[in-house]
Amino acid sequence: MSGRYLCLAVAVFLALFCAVAAQTTTPTPELDCSERNSSCDECIKNVKCYYCYQDNSCRLYPAEKILPRDCPLSKARWGISCAINFEALIIAMSVVGGVILISFFCCIYCCCCRTSSKKYDKEDAKIERAREERRLKHAERRAERDAKNQEIRMKYGLVKEDNPYHRFDQN
């Protein structure tokens with residue numbers, strides 16, 4: 001019997017402990033931000049909050065929206081420092097992101113051009129070798145043709161002599 005009472009006591013204790021733990025409240029982020037109204041620096045230590053200089057209040061950053069709507073962007077401070085307003089932060093982040101994207105695409109373009117130019121260099125070299133082979137074969141055939149023509153001229157006595165004198169054509 002004492003074992004049953006012990007188990008029952010432990011179960012009651014756990015139930016009471018869970019009920020007490022559930023009753024303790026953790027501050028919601030909205031309450032946490034509203035408690036930080038003392039200064040901008042204190043407010044932006046929590047990344048979920050932003051400080052609005054329009055009414056000097058610390059507010060919960062609207063995560064479902066990209067930009068806070070209830071405070072002008074020039075008066076809102078968030079993130080790094082209270083000296084940088086939200087407009088400047090957005091512009092700076094956009095410029096940095098644009099530079100990173102442009103550099104990324106330039107690197108991709110350069111890498112693709114280098115590999116494609118190497119590929120074209122190989123093809124150009126192959127075409128040049130084929131062209132040189134055709135030129136050599138053509139020169140060889142021409143030499144053979146000239147040799148045959150010379151033999152035929154010799155056979156029929158049509159050899160041209162190297163005579164420095166020649167007839168003038170009258171015009």
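**Close-up 1. A pair within helix α4.** Helix α4 (residues 86–156) holds both Glu132 and Arg135, which sit three residues apart, about one turn of the helix; helices here are DSSP runs of H or I with at least four residues, and strands are E runs of at least two, numbered from the N terminus. The two side chains meet in a salt bridge at 2.4 Å, N to O, a term for a side-chain nitrogen of Lys or Arg within 4 Å of a carboxyl oxygen of Asp or Glu. Glu132 is partly exposed at 32% relative accessibility, and Arg135 is partly exposed at 47%; buried means under 20% relative accessible area, exposed over 50%, and partly exposed in between (1.4 Å probe, protein chains only).

Before the next views, a word on the model: it is predicted, so local features need pLDDT of at least 70 and side-chain atom pairs count only at pLDDT 80 or more, while totals for chains, interfaces and linings use all residues. Residues are numbered from 1 along each chain as its sequence is written, and side-chain values use heavy atoms, without hydrogens or water.

**Close-up 2. Arg59 and its partners.** Arg59 and Asp70 form a salt bridge of 3.2 Å, N to O. Arg59 belongs to strand β2 (residues 57–60) and Asp70 to the loop between β2 and β3 (76–77), so this pair ties together parts 11 residues apart in sequence. Arg59 is buried, at 16% relative accessible area. Asp55 joins Arg59 and Asp70 in a network of salt bridges.

**Close-up 3. Lys45 with Glu42.** Here the salt bridge spans 3.8 Å, N to O. Lys45 is exposed at 62% relative accessibility, whereas Glu42 is partly exposed at 30%. The count for the model comes to five salt bridges.
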